[in-house]
Amino acid sequence: MSTAAPAVNVSGHMKLLGPVLAGSLLAACGCLVSTAAAARPAEKMELPDWSRTPVEDRDLGHGVHMLESFGGNIGVLAGEQGILLIDAEWPQLHDKILAAVSHISAQPIRYLVNTHWHWDHVGGDGLFGKAGVVIFSSEQTRQYIDEAQRAAHAPPPGTPYAPDPAAIPVVTVTNGVKFHLSGQTVEIIHVPPAHTNGDLIVRFVEADVIQTGDTFFHGFYPDIDQPHGGTIDGMIALYDTLYKMSGHNTKIIPGHGPVANREDVREYQGMLREVRKRVAKAVDAGMTEEALIASHPLDDLDVKWGGNLIKQPYLLGIVYEELKARR
């Protein structure tokens, strides 16, 4: 039986993990982590005992499912023409993902779409690629994965972004593309910079389901990958688009967290607007990042939104640095 990895100090951009198991990703093995401001304390996370980590299936109807586990949520469309997956999770969960998919359909997995480049969403790409699955992504996501593999100190085998040609997407989406599969129309949409500058969202038209990747975290503070084009204003603006795309019965698969609806998206937008407003006020007043963090301006928001890996000091640092850089 495997054992959980020790706690890891994280001082760069991180990925929130599932609603029960908190953790992080880009920094999981100390790779591809930007340097945080001195005022922002390092985050800590633990990898789970993979042998005890479940992959849970949420049936959303019309052949669409959501698989929920330690990393990013996976969307599944299953039918007689094969299976389409949205995101790939950690490689350590690959066998459990295959088992969960096999309970949904006996058809082969044919296509995989990456919503963005972070390891908890693309870690399984190489295993799927070796099995003949065609991997789609934005041009930016493909570039970031390729660059990570080609880094001057390339990660060793078995660690995130270790060189693996099978893990690099083979089809890139510039504006959008449609799948016509199993009686469903699936729209892959490249949205303006939000979580990164290469985010794809997915709309299962007939099923009335939208998958957001990490442009939307349901129930807790987000991470924003600024070094790769992420922006709080882009996140906030995208929620208007998501709301307009959604109806009263639309089910929304977030990057992390339980299935949501459009009112959850609107509430989340309001929270991020409030965070931005408070940080902008501090920047305009000439407050330092250290003083802002020490003032605890989000204590009231922490009650609802501060219960996962990303805590108030880290979020304040992300937003402060973005707004300060614009002055």
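This is a chat about a predicted model of one protein chain.

Q: What are the ground rules on numbering and on what counts here?
A: Residues are numbered from 1 along each chain as its sequence is written.

Q: What's the average pLDDT?
A: The chain averages 88, and 86% of the residues score at least 70. pLDDT is the predictor's confidence in each residue, from 0 to 100.

Q: OK, how many helices and strands does the chain have?
A: Nine helices and 14 strands. They are DSSP runs, numbered from the N terminus: helices are H or I with at least four residues, strands are E with at least two.

Q: And how much of the chain is buried?
A: Buried residues make up 56% of the 327 residues. Buried means under 20% relative accessible area, exposed means over 50%, and partly exposed is in between, with a 1.4 Å probe and protein chains only.

Q: What share of the contacts is between residues 24 or more positions apart?
A: Such pairs account for 67% of the contacts with a separation of 6 or more.

Q: Let's do the largest nonpolar core. Which residues touch the most other members?
A: Tyr221, Tyr239, Tyr268, Met271, Val275 and Val279, out of 40 residues in that core. A nonpolar core here is a set of buried Ala, Val, Leu, Ile, Met, Phe, Trp, Tyr and Cys residues joined through side-chain atoms within 4.5 Å.

Q: Which elements give two or more residues to this core?
A: Helices H5 (232-245), H6 (262-284), H7 (289-294), H8 (299-305) and H9 (312-325). H6 gives the largest share, nine residues.

Q: What is Met271 in contact with, leaving aside neighbours within four places in sequence?
A: Tyr221, Leu301 and Trp305. There's also another core lying apart from the largest one, with 29 residues, among them Ala78, Ala100, Ile135 and Tyr161.

Q: Since H9 came up, where is Gly317, and why does Gly317 count as buried?
A: Gly317 is in helix H9. Gly317 counts as buried because its relative accessibility is 0%. Gly317 and Ile293 are 24 residues apart in sequence, and their C-alpha atoms are 7.7 Å apart in space.

Q: What about the loop between H6 and H7, which residues lie there?
A: Gly286 and Thr288 are both in that loop. Gly286 counts as exposed because its relative accessibility is 53%, and Thr288 is partly exposed, with a relative accessible area of 40%. C-alpha to C-alpha, Lys324 is 9.6 Å from Gly286 and 9.7 Å from Thr288. In sequence, Lys324 is 38 residues from Gly286 and 36 from Thr288.

Q: Switching to pockets: how much space lies in the largest one?
A: About 270 Å³. The search uses a 1 Å grid over the protein atoms alone, and a pocket is an open set of points where a 1.4 Å probe fits, with protein on both sides within 12 Å along at least five of seven lines. Points are joined across faces, edges and corners, and the volume is the space filled by probe spheres set on them.

Q: Which lining residues are closest to its centre?
A: Pro91, Trp119, Gly123, Gly158 and Thr159, from a lining of 21 residues, where a lining residue has an atom within 4 Å of a point.

Q: Which helices supply at least two lining residues each?
A: H2 (119-122) and H3 (125-130). H3 has the largest share, four residues.

Q: What does H4 pack against?
A: The buried residues of H4 (residues 139-149) are Thr141, Tyr144, Ile145, Asp146, Ala148 and Gln149, and they pack against H2, H3 and strand E8 (134-138).

Key:
Predicted model: local features only at pLDDT ≥ 70, side-chain atom pairs only at ≥ 80, totals over all residues. Heavy atoms only, no water. Contact = heavy atoms within 4.5 Å.
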